Amino acid sequence: MKNILFDMDGVLVDYQPAIRVSHIATALQRSAAEVHAAIYASGVEAEADAGRLSPEEYLEANGEMMGLRLPVDVWTEARRLATRVRPGLLGHISSLASRGVGIAILTNNGRLLAAHWEHIVPALFPLFRGRAHVAAEFGVAKPDPSVYVAVLDKLGWRAEDTLFIDDAQANVDGAVAAGMAARRCDSEASVGDAIAAFVDDPRIADPL
């Protein structure tokens with residue numbers, strides 16, 4: 001095996017939606033319940049993740065549900081504050097790259113995140129520059145096997161050469177259905193262990 005494809009939230013970073021909601025609520029003088037409903041209970045987030053809303057449409061739809069305009073800088077700062085890179089993984093990933101292992105990201109997120117990667121998660125760049133992808137690019141979200149096929153084609157990788165790491169079992173199952181090896185890892189330690197196992201034996205294909 002030659003490559004590792006990583007999920008982002010819950011794998012490379014700790015993501016805390018409550019922090020995101022709190023920042024937007026404070027900035028826009030809305031209740032946390034209103035903000036949470038607009039983002040997570042409305043279906044807008046899923047539509048954006050699947051590529052059916054542009055960044056402008058996504059911000060407009062969220063804002064309308066709160067009865068105001070949602071500025072891009074408020075959204076971006078909220079996402080940054082809610083997203084913390086797992087620092088112990090950076091050395092492992094850098095080592096992979098230095099060994100010639102292909103590394104990339106596939107995350108269920110919209111194009112707005114993709115436009116602001118380096119502000120939201122600067123520590124992951126330049127490691128993943130040019131190799132960080134949101135599901136919205138492909139018009140379909142994990143765990144649909146077609147999104148894995150699409151990102152592999154974009155990267156020029158073969159499924160049989162690639163290990164996928166995600167914190168959700170459904171997404172792991174989707175990767176396996178697409179012909180990839182896959183592991184479910186939901187902590188910094190378990191991701192580190194999966195990387196170490198890959199380095200020790202790149203043929204590894206069995207799930208943890």
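**Close-up 1. What covers the buried residues of helix α9.** In this predicted model, the cover over the buried residues of α9 includes the strands β1 (3–6), β4 (102–107), β5 (132–134) and β6 (162–166), together with the helix α10 (169–177).

Close-up 2. Helix α9 runs through residues 145–155, and its buried residues are V147, Y148, V151, L152 and L155. These residues lie on the same side of α9 because they cover an arc of only 135° around the axis. Here is a handy rule to keep in mind: an α-helix has 3.6 residues a turn, so residues three or four places apart point the same way. Now find the other side of α9, where D153 and K154 are exposed.

**Close-up 3. The residue after helix α9.** Follow the chain out of α9 and you meet G156. The phi of G156 is positive, near 75°.

**Close-up 4. A cavity in the structure.** The structure holds one cavity of 30 Å³ or more. The volume of the largest cavity is about 100 Å³.

**Close-up 5. The lining of the largest cavity.** Which residues lie nearest the centre of the largest cavity? They are A48, Y58, W75, G110 and L112, out of the 15 residues that line it. By type, the lining of the largest cavity has seven nonpolar, three polar and five charged residues.

Key:
Residues are numbered from 1 along each chain as its sequence is written. This is a predicted model: local features need pLDDT of at least 70, side-chain atom pairs count only at pLDDT 80 or more; totals for chains, interfaces and linings use all residues. Side-chain values use heavy atoms; hydrogens and water are left out. Buried means under 20% relative accessible area, exposed over 50%, partly exposed in between (1.4 Å probe, protein chains only). Helices (H or I, at least four residues) and strands (E, at least two) are DSSP runs, numbered from the N terminus. The arc is that of the directions from the helix axis to the C-beta atoms. Contact means heavy atoms within 4.5 Å. On a 1 Å grid over the protein atoms alone, a cavity is a set of points where a 1.4 Å probe fits but cannot get out, and a pocket is an open set with protein on both sides within 12 Å along at least five of seven lines; lining residues have an atom within 4 Å of a point. Grid points are joined across faces, edges and corners, and a volume is the space filled by probe spheres set on the points. Ala, Val, Leu, Ile, Met, Phe, Trp, Tyr, Cys and Pro count as nonpolar, Asp, Glu, Lys and Arg as charged, and the others, Gly among them, as polar.
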